[in-house]
Amino acid sequence: IGAKALAKQKAIISNFKSIEELAGVDELCIDKTGTLTKNEISVLSPKAYENFNLLDLFTYAQLAISAQHRSPLEKAIHTYAQEHDFEEKIKLYSIDKFIPFDPTRKITEVLVHTDIDSHTIIMGAPQVIIELSDKDDTSEILAQDVVSFAEKGFRTLAVARKRENSFSLVGIIPM
């Protein structure tokens, strides 16, 4: 109730999803750069794995974004995709089922299909994606990349594709 009263006065974030996610935080470290200074989040140096490229990465990432309620992270992904012409391939896909991001699961899942194929796209916290993966060399590289980006102050999202019994890490998006 207090949060709603403060939100009406624009004293706190009015996106209660953010407050729910913050409830799961043990430590919060902030500084006065980046998001606080510019008031924006941006994608920097995304990386694709295995046989995937950045077009695949951002096609899948955009399919895993809610069209109605975009978070600042999702807006940053969408903006990056627009700026780099990564939107054309999305038209090939139809969404069959969309399971939105949940702070407890820390992933978004989307079942999609094309004329010749269907699979599930999973986007979310890298540690969850690694747990779901086949624990191959690519998951080791992802884990190393997450640590490397975290040391530089980046928050990362991982994207994976699941087709039948095959799980493939598509890439990582640092912000």
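Mentor: Let us start with a definition: a residue is buried under 20% relative accessible area, exposed over 50%, and partly exposed in between. Please keep in mind that this is a predicted model.

Trainee: What makes the contact of Arg163 and Asp117 a salt bridge?

Mentor: The rule asks for a side-chain nitrogen of Lys or Arg within 4 Å of a carboxyl oxygen of Asp or Glu, and the side chains of Arg163 and Asp117 meet at 2.6 Å, N to O. Arg163 belongs to strand E5 and Asp117 to the loop between E3 and E4, so the pair ties together parts that are 46 residues apart in sequence.

Trainee: Why is Asp56 called buried?

Mentor: Asp56 has a relative accessible area of 11%, and buried means under 20%, so Asp56 is buried. Asp56 also forms a salt bridge with Lys89, with the closest N and O atoms 2.4 Å apart. This pair links distant parts of the chain, Asp56 in helix H4 and Lys89 in the loop between helix H5 and E2.

Trainee: What makes E1 and E2 the edges of the sheet?

Mentor: The open sheet of six strands has the order E1-E6-E5-E4-E3-E2. Strands E1 and E2 each have a single partner strand, so one side of each is left without a neighbour in the sheet.

Terms used. Residues are numbered from 1 along each chain as its sequence is written. This is a predicted model: local features need pLDDT of at least 70, side-chain atom pairs count only at pLDDT 80 or more; totals for chains, interfaces and linings use all residues. Side-chain values use heavy atoms; hydrogens and water are left out. Two strands pair if DSSP finds at least two bridges between them. Helices (H or I, at least four residues) and strands (E, at least two) are DSSP runs, numbered from the N terminus. Buried means under 20% relative accessible area, exposed over 50%, partly exposed in between (1.4 Å probe, protein chains only).
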